[in-house]
Amino acid sequence: MAVNPAFQRLQLLVGTNTLEILRQSRVVVFGVGGVGGWCAEALVRSGVGHVTLVDNDDICVTNVNRQVQATTRNVGKPKVAELRDRLLSIHPRVTVEAIPEVYELANRDRFDLHGYDYVIDAIDSYTHKLELIEHAWEVGARFFSSMGAASRMDITKIRTGSVWNATMDPFAKILRKGLRRRDFAGDFQVVYSVEEPL
C-alpha cells in the first residue's frame with residue numbers, strides 16, 4: 001500500500017499497520033474552541049481519516065490569539081466550517097464533517113456515538129458536558145473529556161487519568177458533584193492540570 005508522502009515520517013515512527021488503523025478511524029470532537037480545535041488538528045496531522053466537528057459558535061475577535069482556526073479575517077464565521085477548511089488544507093484526503101450545532105439533550109439522538117471509534121468532549125458548558133458524558137457512557141463509547149485549563153501557564157502540570165482522581169481542578173470538582181447528583185457510577189479518562197490556577 002502506497003503511503004501518503006505527508007505521512008512518511010509518521011510511518012517511520014508508528015509503522016504501516018498503525019497508520020492504516022489511524023486512516024480508518026472515526027473521531028467526533030464536541031466543542032472546537034481552545035481545546036477542541038487544536039485536538040482536531042492534531043488528529044488530522046496524526047493520520048486519522050474521518051473527523052466530525054460539532055460546535056454552534058461563531059469566531060469572535062477574542063478567539064484569535066488562542067483558537068487554531070481563528071484569524072482576524074474570519075471573525076463572525078462558523079467555527080466548524082473554518083476549522084474544516086483548515087483541516088482539509090492540511091490533509092485534503094481526510095473526511096471532515098462540520099455540524100454547526102450545540103450538543104444538548106434535545107438533539108442527542110442526532111449523534112450516533114456508536115459510529116465513532118473515539119468521542120472527544122471539549123465542551124465548555126457544564127450542563128451539556130454532563131449530558132454528553134451520560135450519553136457516551138450509556139452507549140459504551142471510548143470517551144475522553146477535557147477539564148478546565150483557564151488561568152494556568154505550566155504545561156508540565158498537565159495530566160490524564162480518571163475523572164474521580166482529577167485533583168487541583170475546580171471544574172473537575174464541580175463536574176464530579178454533578179455526576180454524583182445524577183447517580184453516575186461510571187468512569188472515564190480526563191485531561192486536567194494539577195497546577196493551582198493563577
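Let's start with Y118. At 31% relative accessibility, Y118 counts as partly exposed. Keep in mind that this is a predicted model. What about F144? F144 sits at 35%, so partly exposed as well.

Why put these two together? They form an aromatic pair: the ring centres of Y118 and F144 are 6.2 Å apart, with the planes at 35 degrees, so the pair is tilted. Now look at where they sit. Y118 is in strand β4, residues 118-121, and F144 is in strand β5, residues 143-146. The pair therefore ties together parts that are 26 residues apart in sequence.

How many aromatic pairs are there by this rule? The count is 7. Take Y103 and F111 next. Their centres lie 5.7 Å apart and their planes meet at 45 degrees, so this pair is tilted. Y103 is buried, and F111 is buried too. There is also an aromatic cluster, made of W137, F143, F184 and F188.

Two arginines belong with the rings. R110 lies over the face of F111, at 5.8 Å from the ring centre. R26 lies over the face of Y116, and there the distance to the ring centre is 5.2 Å.

On to the core. Nonpolar side chains tend to be buried together in soluble globular proteins. Here, the largest nonpolar core has 25 residues. Which residues have the most contacts inside it? F30, L179 and F188. At least two core residues each come from β1 (26-30), α5 (126-139), α6 (170-181) and β7 (189-193). The largest share is from α5, with 4 residues.

Stay with L179 for a moment. Leaving out residues up to four places away in sequence, L179 touches L130, I133, V163, W164, F184 and F188.

Cysteines, briefly. How many disulfides does the rule give? The count is 0. C39 is partly exposed, with a relative accessible area of 22%. C60 is partly exposed too, at 31%.

N4 is in the segment before α1, which spans 8-14. Is N4 buried or exposed? Buried, because its relative accessibility is 17%, and the cut-off for buried is under 20%. The side chain of N4 reaches the backbone nitrogen of A6 at 2.9 Å. N4 also touches H91 and R93, again not counting residues up to four places away in sequence.

Last topic: backbone angles. Most residues other than glycine have a negative phi. M168 has a positive phi, near 65 degrees. M168 sits in the loop between β6 (158-162) and α6. With a relative accessible area of 41%, M168 is partly exposed.

D183 has a positive phi as well, near 60 degrees. Where is D183? In the loop between α6 and β7. D183 counts as exposed, at 69% relative accessibility.

Y118 and F144 link β4 and β5. L179 and F188 are among the residues with the most contacts in the largest core, and these two touch each other. M168 and D183 lie in loops, one between β6 and α6, the other between α6 and β7. That's the tour.

How values were computed
Residues numbered from 1 in each chain as written. Predicted model: local features only at pLDDT ≥ 70, side-chain atom pairs only at ≥ 80, totals over all residues. Heavy atoms only, no water. Core = buried A, V, L, I, M, F, W, Y, C linked by side-chain atoms within 4.5 Å. Buried < 20%, exposed > 50% of the residue type's maximum accessible area, 1.4 Å probe, protein only. Contact = heavy atoms within 4.5 Å. Disulfide = S-S within 2.5 Å. Phe/Tyr/Trp six-rings, centres within 6.5 Å; stacked < 30°, edge-to-face > 60°. Lys NZ or Arg CZ within 6 Å of the ring centre and 35° of its normal. Polar contact = N/O pair within 3.5 Å; in protein donor to acceptor, adjacent residues only side chain to side chain.
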